[in-house]
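Visitor: Hi, I'd like to go through this structure piece by piece. Can we start with the contacts between side chains?

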Amino acid sequence: MDLSERPETALSAGERPGEAALHRIVVVGGGAAGLELATRLGDRLGRRARASVTLVECARTHLWKPLLHAVAAGSIDPGEYEVNYLAQAHWHRFRYRFGEMIGLVREKKQVRLAATLDEEGRQITPPRSVGYDTLVIAIGSITNDFGTTGVAEYAVPLETAMQAARFNRRLVNACLRAQTQECPVRPGQLHVAIVGAGATGTELAAELYRTTREVVAYGLDRIDPQRDIRIVLIEAAQRILPGLPERISEATHRLLDEIGVEVQTGATVTAVTAEGLNLADGSFIASELVIWAAGIRAPQVLQRLDGLEINRINQLVVEPTLQTTRDPAVFAIGDCAACPRPGSSTPVPPRAQAAHQEAAHMVRQIERRLRGEPLQPYTYRDYGSLVSLGKWSAVGSLMGFLSGRGIFVEGLFARIMYRSLRLVHERALHGTPRALLGLLAHALAPRTGPQVKLH
């Protein structure tokens with residue numbers, strides 16, 4: 001039965017008696033922006049019973065998206081870094097509702113959720129709706145395959161921890177297969193092609209070069225890393241990291257060359273097959289392991305949100321206040337929002353620092369909204385960019401130093417600054433004491449097992 005036909009009840013799904021009078025704040029999406037926002041609102045409003053705060057998310061746990069390349073490469077175990085939504089909600093006084101948004105009824109102020117099923121097809125939660133007074137959509141972005149043939153069948157995107165872990169298993173399985181097969185390693189059998197040389201693709205290329213060799217070192221003596229393993233980074237633009245300053249791009253390209261990652265720029269992929277990639281110039285790259293990290297778009301569901309305005313990549317178009325253009329009660333933050341930048345023809349870039357800033361801004365604006373005060377515009381501030389290039393190296397620029405001018409950083413110092421970015425996110429979720437204790441625990445924890453995932 002269509003949710004719009006179901007009889008309405010006095011309370012929205014999940015509300016307890018006595019809470020119906022509270023202002024209902026619903027955050028859809030538990031990525032960096034959504035989870036930080038729900039946590040802060042729970043601490044500041046939910047704990048004091050000033051508002052009802054609900055987070056809607058279709059996953060059970062949260063993993064900071066900049067860590068996905070390390071999960072795919074096998075450098076970290078995601079279980080050590082994941083945040084459980086149910087526990088986080090309990091500790092920070094907001095509600096977690098397990099489900100995926102499939103639509104919106106703006107007239108009734110309801111978010112429509114699909115039923116959820118377990119691995120055996122049994123229903124966990126039924127189709128239902130969640131009422132709101134203020135709605136914040138923060139469902140992030142997904143990979144844009146640009147309609148390229150074969151991507152869905154043969155390439156793995158890096159949008160979720162599950163996909164990253166899936167690629168890592170595929171990589172380890174390929175190595176085990178090569179070790180035990182009777183014939184020699186085929187050309188392309190252990191080649192990894194990464195399409196898209198943005199931050200994710202570039203970081204993955206550097207990390208994979210190291211971890212593939214560590215996997216082979218655990219007794220896979222029939223594989224010759226120099227002969228059989230090849231990491232290829234492919235970018236359609238004329239340089240890697242096209243969205244970052246040219247100096248960072250050049251330094252990163254140089255470091256990738258030094259460690260042995262092959263970089264191809266100005267190369268457009270026209271098709272992905274089981275054996276490799278076809279390029280627009282007619283050439284072919286043999287590779288049975290393909291990661292697709294070329295561009296982003298917002299999820300398709302944003303096309304079905306009761307007439308809210310979207311742009312060509314499905315992002316919700318928002319005002320400087322982060323309110324959607326056609327409904328002042330609905331906001332959007334993070335990668336799924338096309339937020340204007342004063343003096344620029346392009347919106348705020350889809351970066352972790354933008355998500356963090358927008359979440360912090362939204363906390364203050366929701367408090368102003370509850371007091372009936374006018375909302376203030378969000379202004380993006382670029383603090384620089386950092387790119388991880390393996391265990392001990394990174395490169396980037398830091399803004400705001402030396403009278404507002406950026407400084408170029410490289411090597412161990414840049415690596416330390418890169419790690420501090422995760423600390424900022426964990427501080428927003430857990431507070432400063434717990435974030436520092438977590439950092440210390442990871443640093444001091446003995447590594448009794450292998451340095452790379454082997455399963």
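Visitor: Which residue forms a salt bridge with R186?

Guide: R186 pairs with E288, and their closest N and O atoms are 3.0 Å apart. A salt bridge here is a side-chain nitrogen of Lys or Arg within 4 Å of a carboxyl oxygen of Asp or Glu. Before going on, note that this is a predicted model, in which local features need pLDDT of at least 70 and side-chain atom pairs count only at pLDDT 80 or more, while totals for chains, interfaces and linings use all residues. Residues are numbered from 1 along each chain as its sequence is written, and side-chain values use heavy atoms, with hydrogens and water left out.

Visitor: Where in the chain do R186 and E288 sit?

Guide: R186 is in the loop between helix 5 (161-180) and strand 14 (191-195). E288 is in the loop between strand 19 (284-286) and strand 20 (289-292), and the pair links parts of the chain 102 residues apart. Helices (H or I, at least four residues) and strands (E, at least two) are DSSP runs, numbered from the N terminus.

Visitor: And how accessible is R186?

Guide: R186 is partly exposed, with a relative accessible area of 37%. E288 is partly exposed too, at 29%. The cut-offs, with a 1.4 Å probe and protein chains only, are under 20% relative accessible area for buried, over 50% for exposed, and partly exposed in between.

Visitor: How many salt bridges does a search of the whole structure find?

Guide: The search finds 18. One of them joins D327 to R106, with the closest N and O atoms 3.5 Å apart. D327 lies in strand 24 (residues 327-332) and R106 in the loop between strand 6 (101-105) and strand 7 (110-113), so this pair ties together parts that are 221 residues apart in sequence.

Visitor: D327, buried or exposed?

Guide: D327 is buried, with a relative accessible area of 11%. R106 counts as partly exposed, at 21% relative accessibility.

Visitor: Why would such side chains pair at all?

Guide: In general, side chains of opposite charge can pair when their charged atoms come close.

Visitor: What does R368 form a salt bridge with?

Guide: The partner of R368 is E373, with 3.6 Å between the closest N and O atoms. R368 counts as buried at 18% relative accessibility, whereas E373 is partly exposed at 32%.

Visitor: New topic. How many cavities of 30 Å³ or more does the structure hold?

Guide: There are two. A cavity is a set of points, on a 1 Å grid over the protein atoms alone, where a 1.4 Å probe fits but cannot get out. Points are joined across faces, edges and corners, and the volume is the space filled by probe spheres set on them.

Visitor: How much space lies in the second largest cavity?

Guide: About 60 Å³. The residues that line this second largest cavity include Q315, D335, C339, P350 and E358; a lining residue has an atom within 4 Å of a point. Helix 9 (residues 352-371) gives the largest share of the lining, three residues.

Visitor: What kinds of residues make up that lining?

Guide: The lining of the second largest cavity has seven nonpolar, two polar and three charged residues. Ala, Val, Leu, Ile, Met, Phe, Trp, Tyr, Cys and Pro count as nonpolar, Asp, Glu, Lys and Arg as charged, and the others, Gly among them, as polar.

Visitor: Back to the backbone. Which residue has a positive phi of about 75°?

Guide: N314 has it, although N314 is not a glycine. N314 is in the loop between strand 21 (296-297) and strand 22 (316-317), and counts as buried at 6% relative accessibility. A49 has a positive phi as well, about 55°, and is not a glycine either. A49 lies in the loop between helix 1 (32-46) and strand 2 (52-57).

Visitor: Last one: where is Q226?

Guide: Q226 is in helix 7 (residues 225-228) and counts as exposed, at 65% relative accessibility. Q226 and G260 are 34 residues apart in sequence, and their C-alpha atoms are 9.5 Å apart in space.

Terms used:
On a 1 Å grid over the protein atoms alone, a cavity is a set of points where a 1.4 Å probe fits but cannot get out, and a pocket is an open set with protein on both sides within 12 Å along at least five of seven lines; lining residues have an atom within 4 Å of a point.
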